[in-house]
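This report describes selected local features of one protein chain. The sequence and the coordinates are shown first, and the description follows.

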Amino acid sequence: MAADMYTIHFYVLFVLLTVRISSSFISNGENYRRNLSLELNPGLNSSLTPLPPGVGLLHVRALGKNNTLHYLLCSQGAPALLLVHTNSTSSKVKVDWPAFLVQNTTGSLKLTPESSVLYSNALVFTRLWEYDDVNDTAVPEHLPPFSFFQPYELQNFTWDDLNKTLDPMAHTALLCGRDASESFSNGSLCLKFSAFDFEGRDQDWPSLLHNANSSQLKVVLDGVVPRSNRSRFSLELQVVGGTQAMSRVDVLRSIDDEYTPSIFKVSQWVSSPVNSTSPVLGYAQWKPVAYRRPSPVFEDATPCRHSTPVPVAQLPPSGLVLAYFGGERQTTRLNITFSIAGDPFYNTTNYLSWTVLVGLGSPPVDSFSPLVLVIMAVGLGTPMLIILLGGVCVCVRKNRPQPQVYEPIN
């Protein structure tokens with residue numbers, strides 16, 4: 001009996017120790033934090049240089065122990081998110097506003113001191129493609145050219161004032177824009193930007209894991225009138241790099257879909273030196289899923305897929321990119337295509353959302369939560385406990401003295 005109790009106590013201790021170790025391991029990244037500060041239109045004197053309607057520049061400064069991340073979200077031209085990493089805690093953004101607003105002046109936006117810049121990359125949202133999926137294949141590259149409608153050029157959108165949606169406490173901002181066509185009369189394309197000062201994940205699906213070196217953009221296409229009853233959409237993205245542009249997409253697989261039900265993959269558009277074993281410099285990470293409702297349930301998820309990145313000869317039409325990079329820079333492009341064959345078309349809900357994480361260094365990696373580890377420990381430990389208890393019982397029975405059935409006759 002004492003041996004049985006010892007085995008049970010050992011099993012309980014094993015489960016508790018598993019929970020403790022897994023919790024410590026998973027939350028290890030939370031120890032690293034950055035101090036965030038948000039600033040709209042840095043250095044602008046609006047009385048001397050009035051902004052054109054729909055133009056805004058959001059600057060987020062993420063201060064670390066011995067370095068700084070600068071995020072710049074701009075709605076001049078095609079909307080873009082610029083990430084700059086410096087090895088200084090005093091680096092600053094300097095904007096020559098008269099030159100910046102011209103949109104063709106290289107060097108009108110700088111990070112000073114310029115020698116402190118270690119890495120820079122910009123993600124630009126350039127086009128929204130709409131096509132008539134008559135045969136319900138959701139494979140636009142196999143469709144004839146007449147299946148495509150005139151693309152929505154995001155550089156021509158009219159964007160709302162960022163000042164009205166900026167939330168310095170939550171470190172978020174919402175940038176919404178519209179095309180001049182009737183399709184956008186009651187609809188919009190929105191980019192919800194979020195900066196993070198520590199590790200965690202969103203409550204809303206796809207619940208991407210973020211850390212202090214990352215930011216997030218949620219793309220929402222809401223209320224747009226499609227130009228056919230079988231319309232589907234594809235989003236064109238371009239990346240411009242300082243030293244190394246994002247040149248490849250790695251697709252990682254997992255056996256766990258705890259945070260994003262039914263999704264067992266994650267795609268990572270990474271920047272790394274060519275033919276080198278050096279670590280990843282920067283990334284854009286997403287899960288291949290979009291959602292057809294603002295508060296989705298399982299049935300509202302729709303898969304998405306990416307095309308192969310291809311080099312682009314010229315810079316995207318973004319005022320931010322032209323102001324910071326200018327000249328000839330490495331530029332790559334890919335498309336994110338939403339839905340698969342058999343899925344409902346856009347006009348079913350007139351809503352579509354997709355989320356991407358943009359950050360420095362290697363992308364965050366999902367791991368099993370403490371709850372899943374406990375379930376695994378119990379599932380694997382219970383059979384072991386039964387075997388141990390069975391072995392103990394057998395040993396006890398064998399060592400127990402046997403009663404004499406009869407007295408031997410001398």
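The coordinates come from a predicted model. Strand β18 covers residues 282-286, and alanine 284 is part of it. Five of the five residues of β18 are buried, so the strand is largely enclosed by the rest of the structure. Gly282, Ala284 and Trp286 point one way from the strand, while Tyr283 and Gln285 point the other way.

Which strands are joined to β18 by bridges? Strand β17 (residues 265-271) runs antiparallel to β18 and is connected to it by five bridges. Strand β23 (residues 351-360) is also antiparallel to β18, with four bridges between them. Glycine 282 takes part in both pairings: serine 271 has glycine 282 as its bridge partner in β18, and leucine 360 in β23 stands opposite glycine 282.

Is alanine 284 buried or exposed? Its relative accessibility is 2%, and alanine 284 therefore counts as buried. Beyond residues up to four places away in sequence, alanine 284 touches Met246, Ser267, Gln268, Trp269, Val356 and Leu357. Of these contacts, Ser267, Gln268 and Trp269 fall within the residue range of β17, and Val356 and Leu357 fall within that of β23. Valine 239 is 45 residues from alanine 284 in sequence, and the C-alpha atoms of the two are 9.5 Å apart.

## Aromatic pairs and charges over rings

A pair of aromatic rings is described by the distance of the centres and the angle of the planes. The count of aromatic pairs comes to twelve. Two of them are set out here.

| Pair | Centre-to-centre distance | Angle between planes | Class |
|---|---|---|---|
| Phenylalanine 233 and tyrosine 346 | 5.0 Å | 75 degrees | edge-to-face |
| Phenylalanine 338 and tryptophan 354 | 6.4 Å | 65 degrees | edge-to-face |

Phenylalanine 233 belongs to strand β15 (residues 231-241) and tyrosine 346 to the loop between β22 (330-338) and β23, so this pair ties together parts that are 113 residues apart in sequence. Both phenylalanine 233 and tyrosine 346 are buried.

Why does the pair of phenylalanine 338 and tryptophan 354 count as edge-to-face? Planes over 60 degrees apart fall in that class, and the planes of these two rings stand at 65 degrees, so the pair is edge-to-face. The pair links distant parts of the chain, with phenylalanine 338 in strand β22 and tryptophan 354 in strand β23, 16 residues apart. Phenylalanine 338 is buried at a relative accessible area of 6%, and tryptophan 354 is buried at 1%.

Tyr152, Phe157, Trp159 and Phe184 together form one aromatic cluster.

Rings also face charged groups. The charged end of arginine 33 sits over the ring of phenylalanine 198, at 4.4 Å from the ring centre. Arginine 201 lies over the face of tyrosine 259, at 3.5 Å from the ring centre.

## Nonpolar cores

The largest nonpolar core holds 49 residues, and Trp269 and Trp354 touch the most other members. Strand β23 gives the largest share of this core, with five residues. Tryptophan 354, already noted for its ring pair with phenylalanine 338, has contacts beyond four places in sequence that include Leu217, Val219, Leu235, Leu237, Trp286, Val289, Ala290, Cys304 and Ile336.

Threonine 86 lies in strand β4, which spans residues 80-86. With a relative accessible area of 0%, threonine 86 is buried. Its side chain makes a polar contact with the side chain of serine 91 at 2.8 Å. Apart from neighbours within four places in sequence, threonine 86 is in contact with Asn67, Thr68, His70, Ser91, Ser116, Val117 and Leu118.

Where is serine 108 found? Serine 108 is placed in the loop between α2 (97-100) and β6 (109-112). At a relative accessibility of 3%, serine 108 also counts as buried. Its contacts beyond four places in sequence are Lys94, Val95, Asp96, Ala99, Phe100 and Ala323.

How values were computed
Residues are numbered from 1 along each chain as its sequence is written. This is a predicted model: local features need pLDDT of at least 70, side-chain atom pairs count only at pLDDT 80 or more; totals for chains, interfaces and linings use all residues. Side-chain values use heavy atoms; hydrogens and water are left out. Helices (H or I, at least four residues) and strands (E, at least two) are DSSP runs, numbered from the N terminus. Buried means under 20% relative accessible area, exposed over 50%, partly exposed in between (1.4 Å probe, protein chains only). Contact means heavy atoms within 4.5 Å. Two strands pair if DSSP finds at least two bridges between them. A polar contact is a pair of N or O atoms within 3.5 Å; within protein, one must be able to donate a hydrogen and the other to accept it, and residues adjacent in sequence count only if both atoms are side-chain atoms. Rings of Phe, Tyr and Trp (its six-membered ring) pair if their centres lie within 6.5 Å; planes under 30 degrees apart count as stacked, over 60 as edge-to-face and the rest as tilted. A charge sits over a ring if NZ of Lys or CZ of Arg is within 6 Å of the ring centre and within 35 degrees of the ring normal. A nonpolar core is a set of buried Ala, Val, Leu, Ile, Met, Phe, Trp, Tyr and Cys residues joined through side-chain atoms within 4.5 Å.
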